[in-house]
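The tour moves from stop to stop, with something to select at each.

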Amino acid sequence: MKAQWQRHRLSQERLAETTEDLLGKGFRLALVAGHDDGAALRVVYLFLAGYPDRRVELECVVPKDDPTVRSLAYLSFPASRFEREIADLYGIRPVGHPKARRLVRHAHWPEDWYPMRGDASPAPTFDGAGRFPFVTVEGPGVYEIPVGPVHAGLIEPGHFRFSVAGETVLRLKARLWFVHRGVEKLFEGRPAGGAVDLAERVSGDTSAAHALAHCLAVEDALGMELPDEVHRLRALLVELERLYNHAADLGALANDVGFGLANAHAQRIREQLLRLNANITGHRLLRGAIRPGGVALRGLPDVADLRSIAADVAEVAELTLRNSVVYDRFAGTAVLQRDDAQALGCLGYVARASGMRTDARLEHPTTALPVTETDAAAGDVLARYTVRRDEFAASTELACHLIESHGGPTEYAENVAAARAPGSGIGVVEGWRGTIVHRVETGAANRITRAKIVDPSWFNWPALPVAMADTIVPDFPLANKSFNQSYAGNDL
């Protein structure tokens with residue numbers, strides 16, 4: 001489905017004016033990408049708005065001898081974080097930023113090494129661990145609890161520092177980027193049709209949605225238009241990914257308050273869904289089915305099986321919330337107010353649980369879908385649980401609709417190797433955590449020259465410390481699981 005597009009190259013003065021105008025009209029800043037064009041640096045700002053699908057790109061050229069941009073932090077909190085990321089990776093300094101300290105680069109990174117620049121040297125030796133300037137909270141009875149970055153089990157690394165009085169959290173600071181892999185750099189030079197395997201590994205539990213966002217961006221850059229049936233089959237795969245992740249989270253949240261029985265059943269259901277994925281794509285995590293120019297399924301799921309699983313999930317959720325201990329632990333815990341969620345730019349179930357209306361399937365559709373909007377208003381753990389529960393039911397019905405209305409082949413492939421003029425493209429997908437955005441630029445021989453990826457975790461991670469204010473320390477695992485953001489998706 002066609003989006004309304006505008007692209008402008010502006011001066012830094014006009015950039016701020018135009019940004020303020022777009023934000024005032026209901027657009028959100030979805031992505032900011034640095035580029036090294038050789039003779040100069042360039043910053044691209046992507047703004048999105050839905051109902052109808054509208055997309056505006058603003059570009060600003062930055063001279064290499066004075067790599068500075070005027071900070072937009074006073075207009076947008078997400079802009080402030082994107083600017084810090086670009087400062088770390090490209091050395092473009094945001095002038096006027098209120099807190100321009102490092103974001104991606106930990107203190108042991110060399111001061112003048114900017115790895116995304118075209119002339120960056122190979123990774124130097126990193127000496128020591130360095131220090132991070134945490135804000136110290138002082139007062140009678142106040143003390144700090146450091147947690148991580150190494151955690152028990154399979155949890156990815158992240159450092160959380162609690163300033164507490166008794167058991168009450170006064171301030172929480174989350175320090176991430178311990179698993180920075182340089183993923184965006186790995187896309188450079190890859191054929192446009194041969195990089196989807198990287199996209200699938202941005203965040204392993206979101207393989208299908210990231211693959212789709214990448215493919216949509218590549219197809220947009222190459223000017224490719226695919227049949228509607230291809231988009232519908234791809235949408236089905238993203239819904240199947242939503243199902244197994246929501247099922248797992250419903251169980252994990254119950255487990256965090258000691259209701260292990262619900263978790264055991266949720267894990268059983270998740271396994272059913274993973275086996276279903278393997279049957280229709282050959283991979284439990286749905287990898288390999290979505291590719292630039294096409295889609296490949298071995299078959300379609302049985303709608304009776306999906307509806308039976310949905311009834312099973314509904315029963316598990318009902319038993320969970322009928323347990324008074326579970327309900328009391330969920331209700332009123334780690335509240336994220338709507339105004340805070342909106343100011344932070346939250347997405348997905350985190351935003352919807354706080355009363356925000358956001359869903360890329362409706363705002364930026366690739367095909368017409370009967371999407372049922374699910375939301376809540378309380379912004380607490382209970383709301384984030386019930387939104388997932390309701391999304392599971394709605395997603396099941398959407399998947400069944402896509403299966404029952406499909407009448408053609410389950411494989412389609414179009415050649416992406418034919419040489420096309422250099423271009424850029426955007427892919428927007430509603431993954432199970434929220435809206436995913438990929439942007440690619442292609443050059444000679446359809447090679448990718450730049451790929452920028454924004455997982456919804458980028459927007460949602462800062463909301464966790466906000467929700468934890470005045471929450472007790474023992475509720476942190478529960479609150480953290482209710483957000484369940486990706487470390488890898490954030491730490492590219």
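## Stop 1: Leu253

Select Leu253 and show what surrounds it: beyond its neighbours within four places in sequence, Leu253 is in contact (heavy atoms within 4.5 Å) with Phe330, Val381, Tyr385, Arg388, Leu478, Lys481 and Ser482. This is a predicted model, where local features need pLDDT of at least 70, side-chain atom pairs count only at pLDDT 80 or more, and totals for chains, interfaces and linings use all residues. Residues are numbered from 1 along each chain as its sequence is written, and side-chain values use heavy atoms, with hydrogens and water left out.

Now colour helix H6, residues 228-255; Leu253 lies in it. Helices (H or I, at least four residues) and strands (E, at least two) are DSSP runs, numbered from the N terminus. Is Leu253 buried or exposed? Its relative accessible area is 0%, so Leu253 is buried. Buried means under 20% relative accessible area, exposed over 50%, and partly exposed in between, with a 1.4 Å probe and protein chains only.

The charged end of Arg388 sits over the ring of Tyr349, 3.9 Å from its centre. The criterion: NZ of Lys or CZ of Arg within 6 Å of the ring centre and within 35 degrees of the ring normal. For another case, go to Trp5: Arg7 lies over its face, at 4.0 Å from the ring centre.

## Stop 2: Aromatic pairs

Show the rings of Phe, Tyr and Trp. A pair of aromatic rings is described by the distance of the centres and the angle of the planes. Rings (for Trp, the six-membered one) pair if their centres lie within 6.5 Å; planes under 30 degrees apart count as stacked, over 60 as edge-to-face and the rest as tilted. How many aromatic pairs does a search of the whole structure find? The search finds 10.

Select Phe82 and Trp458. Their ring centres are 4.9 Å apart and their planes are at 25°, so this pair is stacked. The pair links distant parts of the chain: Phe82 is in helix H2 (residues 77-90) and Trp458 in helix H14 (residues 456-460), 376 residues apart. Both Phe82 and Trp458 are buried.

Next, pick Trp109 and Trp113. This aromatic pair is tilted, with 5.8 Å from centre to centre and 50° between the planes. Trp109 counts as buried at 11% relative accessibility. Trp113 is buried too, with a relative accessible area of 12%.

Then select Phe160, Phe162, Trp461, Phe476 and Tyr487 together. They form one aromatic cluster.

## Stop 3

In S8, Phe162 is the bridge partner of Ile145. Strands of a sheet pair through backbone hydrogen bonds, either parallel or antiparallel. Two strands pair if DSSP finds at least two bridges between them.

Show S7, S8 and S9: an open sheet of 3 strands in that order, with antiparallel pairing. S7 (142-147) and S9 (168-175) are the edge strands, each pairing on one side only. The twist averages 20° from one strand to the next. S7 and strand S8 (residues 159-165) are joined by 6 bridges.

## Stop 4: The sheet S13-S14-S15

Move to S13, S14 and S15. This open sheet of 3 strands has that order and antiparallel pairing. Its edge strands are S13 (423-430) and S15 (448-454). On average, neighbouring strands are turned by 10° against each other, direction ignored.

Zoom in on S13 and strand S14 (residues 435-442), which pair over 8 bridges. Val428 has Val437 as its bridge partner in S14. Axes are lines fitted to C-alpha atoms, for helices over the stretch in contact, and angles run from 0 to 180 degrees between N-to-C directions.

Also in this pairing, Gly427 stands opposite His438 in S14. The S13 and S14 hairpin has 4 residues between the strands, and Gly434 takes a positive phi near 150° there. Finish on S13 itself: 7 of its 8 residues are buried, so this strand is largely enclosed by the rest of the structure.
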